[in-house]
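This report considers the packing and the open space of a single protein model. The sequence and structure are shown first, and the discussion follows.

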Amino acid sequence: MSRRQVLLATVAALAVLAAIIYFPWPDRSGRVQVTGTVYLDGVPLEVVRGSRIGFGPAGAAGGGYSASGAIDEQGRYRLGTFKPGDGVLPGTYRVSVIAWKKVPGWRDDITYDAPVPSAVPKRYEDAETSDITVEVTLGRSQTIYIKLTK
């Protein structure tokens, strides 16, 4: 190995070390398993694959990281922060729901050209306009039911 290669390798190693010190890994301990069901006017949301729920930190009281999860065909969800289903850091969150209606004859294995109608009113698609805030408290698990109205 030439002196130049050794120098470049040393500089690269120092840059990685500096990045690790300056941008430390997030604290992944203390996550809470959060599951629940999304309801629309008291009925579990019937949606197609690809529908999602998101929890975004609500200001200084938020957990610091967003969490999200897929909503299944019966409106159920499980949230993850760093990977699917790994839980949520305690804190206050604003909720958003992006979901599409299950229409007669729908098949998940086909790509459709026409837009699929939303299963929820537009205001719920953005955490800033949904007006739904939830509190995730320290503990092993928590069930949070999200109740939407038309």
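Which residues does S51 touch, not counting residues up to four places away in sequence? In this predicted model, the contacts of S51 on that count are G69, A70, I71, I98, A99 and W100. S51 itself is placed in the loop between strand 2 (43-44) and strand 3. Its relative accessible area is 0%, so S51 is buried, the cut-off being under 20%. A polar atom of the S51 side chain lies 3.2 Å from the backbone nitrogen of W100.

The nonpolar interior comes next. In soluble globular proteins, nonpolar side chains tend to be buried together. Here the largest nonpolar core has 27 residues, and I53, F55, Y77 and I146 have the most contacts inside it. Two or more residues of this core come from each of the elements strand 1 (33-40), strand 3 (52-57), strand 6 (91-98), strand 7 (133-136) and strand 9 (146-148). Leaving out residues up to four places away in sequence, I146 is in contact with T37, V38, Y39, I53, F55, Y77, V95, I132 and V134.

The open space is described last. The largest pocket has a volume of about 200 Å³. Its lining is made up of 13 residues, and L40, L45, K101, A119 and K150 lie nearest the pocket centre. The table divides this lining by residue class.

| Class in the lining of the largest pocket | Number of residues |
|---|---|
| Nonpolar | seven residues |
| Polar | one residue |

Key: Residues are numbered from 1 along each chain as its sequence is written. This is a predicted model: local features need pLDDT of at least 70, side-chain atom pairs count only at pLDDT 80 or more; totals for chains, interfaces and linings use all residues. Side-chain values use heavy atoms; hydrogens and water are left out. On a 1 Å grid over the protein atoms alone, a cavity is a set of points where a 1.4 Å probe fits but cannot get out, and a pocket is an open set with protein on both sides within 12 Å along at least five of seven lines; lining residues have an atom within 4 Å of a point. Grid points are joined across faces, edges and corners, and a volume is the space filled by probe spheres set on the points. Ala, Val, Leu, Ile, Met, Phe, Trp, Tyr, Cys and Pro count as nonpolar, Asp, Glu, Lys and Arg as charged, and the others, Gly among them, as polar. A nonpolar core is a set of buried Ala, Val, Leu, Ile, Met, Phe, Trp, Tyr and Cys residues joined through side-chain atoms within 4.5 Å. Buried means under 20% relative accessible area, exposed over 50%, partly exposed in between (1.4 Å probe, protein chains only). Helices (H or I, at least four residues) and strands (E, at least two) are DSSP runs, numbered from the N terminus. Contact means heavy atoms within 4.5 Å. A polar contact is a pair of N or O atoms within 3.5 Å; within protein, one must be able to donate a hydrogen and the other to accept it, and residues adjacent in sequence count only if both atoms are side-chain atoms.
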